[in-house]
Amino acid sequence: MFEPRLIFFLLWVSQIIGYLLFGGVFSSFDLVTWGIVLVAMISFFAGGKLGSHLPISSRIYNAKKQYNEHAIRRFAYLSLFIYLIACAVAISKLYGVLTIATGGDLSPSIIRQVIIFDFLGPREIFNVLRIFYFGVGFCIYLLAYARFFSKKEIFFIFLIGLASAVSTTGRLYLLLFFLASAALLYRQKMISRKLVLGAGVGFIALFFLVAIILKKGSGDVESIFEQIVWNAQVYILSSLACFNNYVQTGSQSVPDGMLLPNVIREVINQAFGTFIQLKPDLHPFAEVPIQCNTYTVIFPLYHDGNIFGVILGLFGIGVFQRYIFRLHVLSKSPVIWYLFALSLYPLIMTVFEDAYFSSPGFWMMLWLPLVMHIFFNKFFYRKNSVVY
């Protein structure tokens, strides 16, 4: 289960079937778009083929590491205690900021609009929400060590992670949390395939519930059912339609490219006195005719490197995903399991947007739990406190 090639195949075939059945709601597709999609799929599987044959050191699957259960539990208890205190402070600050920004109207839809404006502006709210972003990754990391906790403790960690994901107000962190948690618990044989599928159904239900609560799409529809259909069209199918719009018009072109993160652009500009323009915080919107601003993982690769960028990019992703899957299967390391579980998120996101190249801050945040664990062992439990 969780085999990357199978997941990738099902994702993109479902897109193709979706457009065959419901493509009438979108603008007509160019044959060039379908050709690029085919090249992307072939490149991914070619990369997966290479990833299947790259050597893996026998030390990875023959190693017999001794984990200090007491140290792991102490790390979890102490870190969760500190995190919950930080959450209380963050919630208090958010309440004050949101009360002022919304004029006292704390309805979910108004809060959502305020957060969007903040993201495009001062990011005062966004910086506070980083605490919950961290909390999602931290709880996922602890679940990589689930075999050292009781069922009640696992359930408690899961609830904290779920509450953190909901508190981010974004459904992408919900997707990350559900995917990674299911993969980690399944790898440790704590849940069955049926429960994994149940978690998938639960995520879908929660995904649309959040959309209804936040009234996403409510301005264009009259009923809850129509709101669900609108969200399904926008969030499941429209990204490829947006990419098709770029292929046809090129109107979403961004000066100085899409792949280079803004933080690196700023470093280069300061170090060499150049002026590489920063990418916009959000991609340009397109009318397809539904308004959308996500373009699949193919978009930045094609934008910066044309068809050769697509071939190299998807080939590299295929190599990475297949190789880390093999590590995940062979290794008994919770850290490798954690990294593999995280890798499922950008893989799923390939049909929506790029999560591999464009979000270095996102990935750095997810490395923090591991760094904290190493730091904790170094200064408090040096003996027999393996974290890898």
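Modeller: The axes of helix 10 (residues 224–249) and helix 12 (residues 298–330) come within 10 Å and cross at roughly 15°. Axes here are lines fitted to C-alpha atoms, for helices over the stretch in contact, with angles from 0 to 180 degrees between N-to-C directions. Helices (H or I, at least four residues) and strands (E, at least two) are DSSP runs, numbered from the N terminus. Helix 10 is therefore roughly parallel to helix 12; angles under 35 degrees count as roughly parallel, over 145 as roughly antiparallel, 65 to 115 as roughly perpendicular and the rest as oblique.

This is a predicted model, in which local features need pLDDT of at least 70 and side-chain atom pairs count only at pLDDT 80 or more, while totals for chains, interfaces and linings use all residues. Residues are numbered from 1 along each chain as its sequence is written, and side-chain values use heavy atoms, with hydrogens and water left out.

Helix 10 passes helix 12 in a left-handed crossing; that term applies if the near helix is turned anticlockwise from the far one by less than a right angle, and right-handed if clockwise. On the helix 10 side the contact (heavy atoms within 4.5 Å) is made by Phe243, Tyr246 and Val247, and on the helix 12 side by Ile298, Phe299, Tyr302 and His303. By class, this contact of helix 10 with helix 12 has six nonpolar residues, one polar and no charged. Ala, Val, Leu, Ile, Met, Phe, Trp, Tyr, Cys and Pro count as nonpolar, Asp, Glu, Lys and Arg as charged, and the others, Gly among them, as polar.

Asp256 has a positive phi of about 70° although it is not a glycine. Another loop, between strand 1 (286–287) and strand 2 (291–292), contains Pro289. Val288 and Pro289 are joined by a cis peptide bond, with omega about 0°.

Gly137, Ile140 and Tyr141 of helix 6 meet Val335, Tyr338 and Leu342 of helix 13. The residues of this contact divide into five nonpolar, one polar and no charged.
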